[in-house]
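Look it over, then follow the questions.

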Amino acid sequence: MSMDKPSNDAADEELVALIAARQTTLRAIIRSMLPGCADCEDILQETNMILWRKRESFQPGTNFNAWAGTIARLQVLAWLKKNQRRKSVGFDGDLLERIASAASECFDNLNERRDALNVCLHELSDGNRELIEHRYVHKTPLADYARKCGKTEAAVAKILERLRSRLRDCIGRRLSTEPQS
């Protein structure tokens, strides 16, 4: 074994950690290309196996998300080709590639976005945070919350719209000031 290269065990462990950390992103890329498809988890597992088999082609220090996302997209395209007789899949490969590319860009910084959201949520008042939780955690209708607060559903919807805008702006500010990894 050459002393110039790091041990394969260390490189393999690093790759396993990268693959594990990006499961949500890879799943989102696959689902964005095949919404509602029952085989998304199978495609994800196939993607993971290919990432492992092709581990020698990944260069540490390069963009793992781009490399893994490309492999996930190719797996979806292979699945589509194999299952082209299914009438429920009606998108052409070019459109799916554009969707996947856009999804990949959106999900590249998913963990950072989630962290920023948590910080931004804690900056809201208790009442505003309660409204967000009511709508997105408990997934209950706005009419229920409006009755509870003695407001109209339209008023609660407007408050929620403003809160989403504030959270979006807050996340954007946090992401633009954080050092990129």
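The questions below go from the whole chain to single residues of this predicted model.

Q: How many helices and how many strands does the protein have?
A: The model is predicted. Along the sequence the pattern reads α-α-α-α-α-α-α-α-α. The count is nine helices and zero strands.

Q: What percentage of the residues of the protein count as buried?
A: A residue is buried when its relative accessible area is under 20%. The protein has 181 residues. The share that counts as buried is 32%.

Q: Among contacts between residues at least 6 apart in sequence, what percentage join residues at least 24 apart?
A: A contact here means heavy atoms within 4.5 Å. Counted among pairs at least 6 apart, the share that joins residues at least 24 apart is 65%.

Q: Which helix holds Arg98, and is this residue buried or exposed?
A: Arg98 sits in helix α5, residues 93–107. Its relative accessibility is 54%. The cut-off for exposed is over 50%, so Arg98 counts as exposed.

Q: What distance separates the C-alpha atoms of Arg98 and Met33?
A: Along the chain, Arg98 and Met33 are 65 residues apart.

Q: Which parts does the salt bridge of Glu41 and Arg31 tie together?
A: The side chains of Glu41 and Arg31 meet at 3.3 Å, N to O. The two residues are ten apart in sequence. Glu41 lies in residues 40–53 and Arg31 in residues 23–33, so the pair ties together helix α3 and helix α2.

Q: Are Glu41 and Arg31 buried, partly exposed or exposed?
A: Glu41 has 31% relative accessibility. Arg31 has 42%. Values between 20% and 50% fall in the middle class, so Glu41 and Arg31 both count as partly exposed.

Q: Which residues are linked in a network of salt bridges?
A: The structure holds eight salt bridges. Glu41 and Arg31 form one of them. The network links Arg27, Arg31 and Glu41.

Q: Why are Arg129 and Asp126 separated by about one helical turn?
A: Arg129 forms a salt bridge with Asp126, with the closest N and O atoms 2.6 Å apart. An α-helix has 3.6 residues a turn. Both residues lie in helix α7, residues 126–137, and the reason is their spacing of three residues.

Q: What distance, N to O, goes with the salt bridge of Lys158 and Glu161?
A: Both residues lie in helix α9, residues 153–177, about one helical turn apart. Lys158 is partly exposed at 38%, and Glu161 is partly exposed at 42%. Their side chains meet at 3.7 Å.

Q: Are α7 and α9 roughly parallel or roughly perpendicular to each other?
A: The axes of α7 and α9 come within 10 Å. They cross at roughly 100°. Angles of 65 to 115 degrees form one class, and α7 and α9 are therefore roughly perpendicular.

Q: How do the residues of the contact of α7 with α9 divide?
A: On the α7 side, the residues include Leu131, Ile132 and Tyr136. On the α9 side, they include Val156, Ile159 and Leu160. The division is eight nonpolar, one polar and three charged.

Q: What covers the buried residues of α7?
A: The buried residues are Arg129, Leu131, Ile132 and His134. Their cover includes α6 (110–122), α8 and α9.

Q: What phi does Lys139 have?
A: Most residues other than glycine have a negative phi. Lys139 lies in the loop between α7 and α8 and is exposed at 64%. Although Lys139 is not a glycine, its phi is positive, about 55°.

How values were computed
Residues numbered from 1 in each chain as written. Predicted model: local features only at pLDDT ≥ 70, side-chain atom pairs only at ≥ 80, totals over all residues. Heavy atoms only, no water. Helix = DSSP H or I, 4+ residues; strand = E, 2+ residues; numbered from the N terminus. Buried < 20%, exposed > 50% of the residue type's maximum accessible area, 1.4 Å probe, protein only. Salt bridge = Lys/Arg side-chain N within 4 Å of Asp/Glu carboxyl O. Axes fitted to C-alpha atoms, helices over the stretch in contact; angles between N-to-C directions. Parallel < 35°, antiparallel > 145°, perpendicular 65-115°, else oblique. Nonpolar A, V, L, I, M, F, W, Y, C, P; charged D, E, K, R; others polar.
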